Amino acid sequence: MSASAVEHPCDDGPEPLLVTANRLAEQNPGHRVEIIGGVITVAPPPDGPHARALTKLMRPFIAAGLDDGETAVLQGIGLWLPGGPEDYAVPDLALVDADFDEHLIKNNSYDPAVFRLVLEVTSSNYTSDLRHKVAAYAEAKIPVYVILDRKHGRVHVLTEPLGSSYDRHEVYAPGQQAPLPASIGAEVSLDVAELIDAGRAKPRTPDA
């Protein structure tokens with residue numbers, strides 16, 4: 001997701017970040033508003049290739065039975081972050097425990113303990129997914145963080161969160177399968193070439 005930082009207005013004093021974030025969300029329908037490291041970011045709606053790649057990404061999880069029983073596969077679910085008093089993120093895709101509804105914390109965001117995996121598909125501001133969110137998700141102890149890096153044509157699989165980083169960081173290129181740890185609840189591998197191709201804009205067909 002492409003995102004830009006936002007400063008809140010100062011009149012008699014700064015309003016709470018959550019108030020600012022929710023106001024921005026109301027003013028910008030379809031945009032994704034997050035607070036990471038005490039900074040509000042606003043990402044525009046994803047482009048078509050981003051959405052297409054996300055659909056491709058959901059399929060292996062659903063085929064493995066992870067959208068039934070003990071877990072659910074969800075887009076755009078809020079994740080409450082421990083990095084700040086009002087921090088939260090909205091990953092593109094998440095694998096969560098089926099009882100996540102019971103673990104709502106605040107602002108439509110849920111306890112990180114119910115997240116087995118989060119996944120981001122990069123847009124123009126890819127450094128946020130590759131840097132800032134790595135630290136945020138590691139601090140939240142999210143067991144698996146997957147990044148479809150459309151700019152560089154790779155899939156990153158980060159596991160074993162330790163402090164503000166992940167102890168293991170595997171990178172996969174087109175032609176490879178990216179296996180995910182069995183701890184998510186099933187055997188899942190991602191076809192890197194298929195995902196990278198789905199995330200690319202297709203050339204327009206010239207008019208006849």
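Predicted model: local features only at pLDDT ≥ 70, side-chain atom pairs only at ≥ 80, totals over all residues.
Residues are numbered from 1 along each chain as its sequence is written, and side-chain values use heavy atoms, leaving out hydrogens and water. Local features need pLDDT of at least 70 and side-chain atom pairs count only at pLDDT 80 or more, while totals for chains, interfaces and linings use all residues.

**Exercise 1. The whole chain**

Task: Describe the overall fold of the chain by its elements, its extent and its burial.

Solution: 
- Start with the elements: the chain has four helices and 15 strands (DSSP runs, H or I of at least four residues for helices and E of at least two for strands, numbered from the N terminus).
- Next, take the extent: the C-alpha trace spans about 55 × 50 × 30 Å along its principal axes.

**Exercise 2. The largest nonpolar core**

Task: Find which residues touch the most other members of the largest nonpolar core, and which elements give two or more residues to this core.

Solution: 
- Recall the term: a nonpolar core is a set of buried Ala, Val, Leu, Ile, Met, Phe, Trp, Tyr and Cys residues joined through side-chain atoms within 4.5 Å.
- The largest such core has 28 residues, and Phe-61, Leu-117, Leu-180, Ile-184 and Leu-190 touch the most other members.
- Two or more residues each come from helix 2 (48–63), strand 7 (93–97), strand 10 (115–121), strand 11 (144–149), strand 12 (154–162) and helix 4 (192–198).
- Helix 2 gives the largest share, five residues.
- Now zoom in on Phe-61: leaving out residues up to four places away in sequence, its contacts (heavy atoms within 4.5 Å) include Leu-66, Val-73, Leu-93 and Val-188.
- Apart from this core lies another, of 23 residues, including Ile-36, Ile-77, Leu-81 and Phe-100.

**Exercise 3. Aromatic pairs**

Task: Locate the two aromatic pairs and give their geometry.

Solution: 
- Apply the cut-offs: rings of Phe, Tyr and Trp (its six-membered ring) pair if their centres lie within 6.5 Å; planes under 30 degrees apart are stacked, over 60 edge-to-face, and the rest tilted.
- Phe-100 and Tyr-110 are edge-to-face, 5.3 Å centre to centre with 75° between the planes.
- Phe-100 sits in the loop between strand 7 and strand 8 (104–106) and Tyr-110 in strand 9 (residues 109–110), so this pair ties together parts ten residues apart in sequence.
- Tyr-137 and Tyr-145 are also edge-to-face, at 4.9 Å and 80°.
- Check burial: Tyr-137 has a relative accessible area of 0%, and Tyr-145 is buried at 0%.

Note on methods. Buried < 20%, exposed > 50% of the residue type's maximum accessible area, 1.4 Å probe, protein only.
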